[in-house]
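Please read the points below with the model open beside you.

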Amino acid sequence: MRIYTYGIIDSNATIGIGGPISGLEGTPVYNLCYRDIGAVVSKLINPVKEINKDDVLKHEEVVERLMDNFTVLPVRFFTTFNQEEEVLIMLKEYYQDFKENLDRLRNKVEFGIRVIWASETIKNRIIEAAKKFNPSITLKIDGERSRTINANVTIPDNSPGKNFAKEKFENYKIDKEFSEEADRCIAFLDDFFSRFVAEKKLEKLKTDNLLLNAYYLVEKEKEVDFKEAFERAKNTPGDLKYLFSGPWPPYNFINLSKRPYCFKDFIEGLRLLEKETDTQNLTDKASL
Amino acid sequence: MNRVVEVDNPEAFAEEITKLQDALPKKIDANPKNVEKGLAKLVLTLIELIRKLLEKQAMRRIDAGSLTEEEIERIGETLMKLENKMHELKVIFGLKDEELNLNLGPLGDLM
């Protein structure tokens, strides 16, 4: 038997943690307390099997239930301990870290906003604009299309080395302009949300199409304002596609000065969990 | 809790999220049958990272106008030979560009 962990909460209540909740394998979820905090766990009777989607969703469901009544530091999916004593040792050792995060994240939730833009159109526009400015420089991209861009630096075409450098430089200029355009677009969008958020994490161009992958930490009382801000952003003219999700537990806003075993790959693990959930949601929607 | 997931185009987002997941290196494939390829993949990924960094730095210097024509010529030739050599090595070990990807955190993916 192993002890499966869902999250750290700001309560030492041994009972009544949001009504009866069952965890993985259907076993009861309970709170293991240390001082004024607790680790919410359940018992895993069977040997560890292969991780499946149902388990991931069950983990998420338990964390969400806890969120209704407590501040939660969600623990990485499939974090287990040999026995309860190990959980208590971990709570004791990292008590201060957990307390600081619980205090900082109290009454706050996370929202995710992802934005897709028409990257190919943007790139073509950049190239066309440069072509008008200086039509003398031609560059082949993808071996099919001939494209023209501007280069402020003149490199004569009289050697393989210079030609190669020129080609690379022209690509570099396109990428640079593309990246700056993304910065401008993100700043414009972020301006809608900034005044309603306590903290934020913005990821630019994780893929060419994925302009923005943003996580916003929002006080619960500002949730409505934040959602309205999203609607305003969404209604601005432009060829952008949005994915809005939340409120989530604060997966991306937990800062630990040192990482215990269960938080070893904390952020990465939880992001994977979120992606799994997102993908499932999207797949479900797509199949409707 | 009133969780919402609103999405304009589920298929498009699913595709991008899948790309992101694929970009994460799962593990080094170093089983007895293909240990050579597994190691080559690891080493070539690191070389490719360094090559890309060199290339980017060179482009920044060209952009800043701090290089003479001779220096641009020399850098261009070096970058070209490096790229050709990498291409040869990839062919030898049967590796494709996308297999040498590396997630560089806030810098994005290598490829």
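1. Helices (H or I, at least four residues) and strands (E, at least two) are DSSP runs, numbered from the N terminus. In that naming, B:Lys90 is found in helix α3 of chain B, which covers residues 69-92. Residues are counted from 1 along each chain as its sequence is written, chains are lettered from A and ligands numbered from 1 in the order in which they are written. The model is a predicted one, in which local features need pLDDT of at least 70 and side-chain atom pairs count only at pLDDT 80 or more, whereas totals for chains, interfaces and linings use all residues.

2. B:Lys90 is partly exposed, because 18 other C-beta atoms are within 10 Å. Leaving aside residues up to four places away in sequence, B:Lys90 touches B:Leu44 and B:Leu95, where a contact means that the two C-beta atoms, placed from the backbone, lie within 7 Å. B:Ala14 is 76 residues from B:Lys90 in sequence, and their C-alpha atoms are 30 Å apart in space.

3. Confidence deserves a careful look, and pLDDT is the predictor's confidence in each residue, from 0 to 100. Chain A has a mean pLDDT of 82, with 78% of its residues at 70 or more. Within chain A, confidence is highest in strand β9 (residues 210-219), at a mean of 96, and lowest in strand β7 (residues 145-148), at 36. The pLDDT is below 50 over residues 135-151 of chain A, a stretch that has 30 contacts in the model beyond near neighbours in sequence. Residues 264-288 of chain A also have a pLDDT below 50, and that stretch has 36 contacts beyond near neighbours in sequence.

4. One open sheet in chain A has 4 strands in the order β2-β3-β1-β4, with antiparallel pairing; two strands are said to pair if DSSP finds at least two bridges between them. Its edge strands are β2 (29-34) and β4 (72-81) of chain A, each of which pairs on one side only. Strands β1 (residues 2-9) and β3 (residues 37-44) of chain A run antiparallel and are joined by 7 bridges, and A:Gly7 has A:Val40 in β3(A) as its bridge partner. Helix α1(A) packs on this sheet and touches β1, β2, β3 and β4 of chain A, its direction making about 40 degrees with that of β1(A). Such angles run from 0 to 180 degrees between N-to-C directions, and axes are lines fitted to C-alpha atoms, for helices over the stretch in contact.

5. Which strands make up the sheet of 5 strands? This open sheet has the order β8(A)-β9(A)-β5(A)-β10(A)-β1(B), again with antiparallel pairing. β8 (199-204) of chain A and β1 of chain B stand at the edges with a single partner strand each, so one side of each is left without a neighbour in the sheet. The twist averages 10 degrees from one strand to the next. β5(A) pairs with β9(A) over 9 bridges in the antiparallel sense, and A:Val109 stands opposite A:Val218 in β9(A). β5(A) also pairs with β10(A), over 6 bridges, where A:Ile116 has A:Lys241 as its bridge partner. Of the 9 residues of β5(A), 8 are buried, so this strand is largely enclosed by the rest of the structure.

6. Between the chains, 36 residues of chain A are in contact with 32 residues of chain B. The chain A side of this contact divides into 17 nonpolar, 9 polar and 10 charged residues; here Ala, Val, Leu, Ile, Met, Phe, Trp, Tyr, Cys and Pro count as nonpolar, Asp, Glu, Lys and Arg as charged, and the others, Gly among them, as polar. Strand β10(A) is joined by 4 bridges to strand β1 (residues 4-7) of chain B, and the two run antiparallel. In this pairing, B:Val5 is the bridge partner of A:Ser245.

7. The axes of α5(A) and helix α2 (residues 35-64) of chain B come within 10 Å and cross at roughly 85 degrees. The two helices are therefore roughly perpendicular to each other, given that angles under 35 degrees count as roughly parallel, over 145 as roughly antiparallel, 65 to 115 as roughly perpendicular and the rest as oblique. A:Ala165, A:Lys168, A:Phe169 and A:Tyr172 of α5(A) make the contact with B:Glu55, B:Met59 and B:Ile62 of α2(B).

Definitions and conventions. A residue is buried if 20 or more other C-beta atoms lie within 10 Å of its own, exposed if 12 or fewer, and partly exposed in between; C-beta atoms are placed from the backbone.
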